[in-house]
Amino acid sequence: MTRDDELKQIKGTASPDSGRTAHSALPEAWEYVAVLRRRWWIIALAGAVALGGAWWMEQGKIPTYTAEVLWERHREEPLIGMGGGGASADFAAQLEVIRTRGVMSAVVDSLGLQLRLRDREPERSRILGRVEVDEPAVPGSFSLSLGGNGMAVLRNSEGHTVASSHPDGWIEGPGFRFQLADASALNGEPLRLSVQDRQAAIQRLRGQVRVEPGRGANLIRISHTSPDPVMAAAVVNGVAVSYQEHRGRAGREAASRRRQAIAQQLAGLADSLEGAQSRVVDYQRNAQLMDPGQEGNHVMGIVLQTENELRTLRFQEGLLVSMTEGLEGGADAGDEVFNQVLSLGGGLVPAGPALHQRLQELQLERSRMTASRFGRTEGDPEVEVVDSLIRSTKNQMRSAVEQGLAHVRVQMEGAEERLAEMRTAMGAIPGTTAELAQLRQQADAVQGVVNSLVNRYYEAQITEEVEVGDVVVLDPAPVPLSPDRAQTQLVLMMGLLSGLMVGV
């Protein structure tokens with residue numbers, strides 16, 4: 001009787017009612033150990049086979065190269081009432097803008113990534129020179145080889161000749177054309193090419209490009225891994241150029257919108273200025289006044305100055321009241337309200353810029369902690385600490401806005417008292433002199449607004465013509481000189497463990 005038969009007999013004689021007790025389970029466990037000891041060579045063989053397979057796979061793996069580029073995005077404070085173009089956009093959102101189709105499509109078109117080498121992709125930069133692919137190019141497979149007359153012959157998947165050209169010239173196919181950087185690549189096997197759909201090529205590039213925040217504020221790091229080191233550097237540098245052009249277009253479009261808005265305001269103020277100047281001339285002619293009294297000018301100037309100050313304070317009060325209402329929702333109010341706090345500078349809300357900078361740093365830290373694939377989750381203690389600091393900072397910003405509102409209202413009360421006093425004093429001035437002075441002050445005020453808008457119009461026009469964007473490449477990507485570090489030891493260890501488990 002063999003050991004397996006004895007094991008079956010032990011199992012068969014066990015009482016079904018008694019169950020598996022500790023006394024009967026111990027001999028059975030030793031029986032399994034005995035089986036493993038007798039069949040140890042199976043475990044060893046499975047481990048050796050798995051280890052050899054893992055080693056064979058690592059030897060056949062194509063080395064890859066990773067290129068990185070580091071950018072910095074400058075942010076400028078917008079002017080109140082004028083807008084800031086793209087400068088007020090959220091920094092974290094720009095990480096997703098980089099991977100949009102609008103940015104990636106320019107890289108695909110400039111590098112001709114729709115055209116792929118099917119069997120020799122690691123040699124792409126050595127074999128292919130300039131590549132141009134039309135947007136409506138139809139996907140398909142092709143082969144390129146040397147003909148008997150020394151001409152490069154391009155054939156489709158059915159073997160029909162599509163084009164024939166000298167290897168040193170342009171080789172044109174249906175919807176694409178390219179040059180060979182190294183014509184000797186055609187001396188051996190035919191060169192197998194494929195044209196990929198443009199949207200599929202863009203989506204493929206989006207999956208290969210990695211975008212993540214840098215280690216400092218407003219820093220962005222882009223990396224790309226490819227079996228061709230030259231293409232790895234070309235892709236990330238191409239993304240940098242494409243995103244710079246994207247930001248430049250956004251800045252020019254914003255400047256164009258500002259210029260058009262200012263032009264509309266100037267058109268409306270032209271009639272107001274002409275009417276104000278006409279009233280001064282008509283009144284002076286009818287009243288036969290050549291020069292108003294100095295006292296009238298002085299008092300009227302103070303009145304108009306106080307009125308302008310009061311209008312400014314009321315505008316500031318309304319702005320702060322609207323911001324206070326927007327912040328009533330609690331510490332999780334939107335970032336747009338806090339961008340308004342920053343745009344006020346240190347006049348109305350002195351602590352606004354510092355608190356906003358602190359909030360940006362906390363939000364960037366939270367994005368860095370949760371952005372990566374292995375980042376922390378929402379319930380992580382460190383993430384909760386950062387969230388608590390974000391809420392505390394937003395509460396401080398709300399308190400700062402409320403303090404600024406109280407200060408503005410105190411100033412309004414003082415301005416209203418001064419205005420009442422000056423209006424009383426103005427009652428003693430002859431009516432004709434005071435009225436003429438008022439008409440002149442109104443015309444000068446309108447003229448001042450027109451002059452200010454004209455200056456801003458020309459500033460927007462210049463920006464529209466020369467805007468180059470707010471992205472600066474700090475560290476362009478060089479061509480990687482060495483491949484990425486291989487995980488050979490880890491792969492071999494995992495293969496050995498897997499084989500031993502299968503053997504057991």
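A salt bridge is a side-chain nitrogen of Lys or Arg within 4 Å of a carboxyl oxygen of Asp or Glu. Arg 418 and Glu 309 meet in one through their side chains, at 2.9 Å from N to O. This is a predicted model: local features need pLDDT of at least 70, side-chain atom pairs count only at pLDDT 80 or more, and totals for chains, interfaces and linings use all residues. Residues are numbered from 1 along each chain as its sequence is written, and side-chain values use heavy atoms, with hydrogens and water left out.

**The chain as a whole**

- The chain has 15 helices and 12 strands. Helices (H or I, at least four residues) and strands (E, at least two) are DSSP runs, numbered from the N terminus.
- The chain has 504 residues, and 35% of them count as buried. Buried means under 20% relative accessible area, exposed means over 50%, and partly exposed lies in between (1.4 Å probe, protein chains only).
- The accessible surface of the chain comes to about 29,000 Å². Carbon and sulfur atoms account for 54% of that surface. Accessible areas come from the Shrake-Rupley method with a 1.4 Å probe; for residues, only the protein chains shown count as cover.
- Take the contacts between residues at least 6 apart in sequence: 73% join residues at least 24 apart. Contact means heavy atoms within 4.5 Å.

**Salt bridges**

- The structure holds 13 salt bridges.
- Arg 418 is partly exposed, at 37% relative accessibility. Glu 309 is also partly exposed, at 33%.
- Arg 198 and Asp 109 meet in another salt bridge, at 2.7 Å from N to O. This pair also links distant parts of the chain: Arg 198 is in helix H7 (residues 198-208) and Asp 109 is in helix H5 (residues 101-111), 89 residues apart.
- Arg 198 is buried, with a relative accessible area of 12%, whereas Asp 109 is partly exposed, at 31%.
- Glu 123 and Arg 120 meet in a salt bridge at 3.1 Å, N to O. Glu 123 is partly exposed at 27% relative accessibility, and Arg 120 is partly exposed at 22%.
- A network of salt bridges links Arg 120, Glu 123, Arg 126 and Asp 182.

**Aromatic rings**

- The whole structure has 2 aromatic pairs. Rings of Phe, Tyr and Trp (its six-membered ring) pair if their centres lie within 6.5 Å; planes under 30 degrees apart count as stacked, over 60 as edge-to-face and the rest as tilted.
- The ring centres of Phe 176 and Phe 178 are 6.3 Å apart and their planes are at 10°, so this pair is stacked. Both residues are buried.
- Ring pairs join Phe 142, Phe 176 and Phe 178 into a cluster.
- Arg 177 lies over the face of Trp 170, at 4.0 Å from the ring centre. A charge sits over a ring if NZ of Lys or CZ of Arg is within 6 Å of the ring centre and within 35 degrees of the ring normal.

**Around Ala 137**

- Ala 137 is in the loop between strand E3 (128-133) and strand E4 (140-146).
- Ala 137 is buried, with a relative accessible area of 7%.
- Ala 137 touches Pro 174, Gly 175 and Val 195, not counting residues up to four places away in sequence.
- Ala 137 and Phe 176 are 39 residues apart along the chain, and their C-alpha atoms are separated by 6.9 Å.
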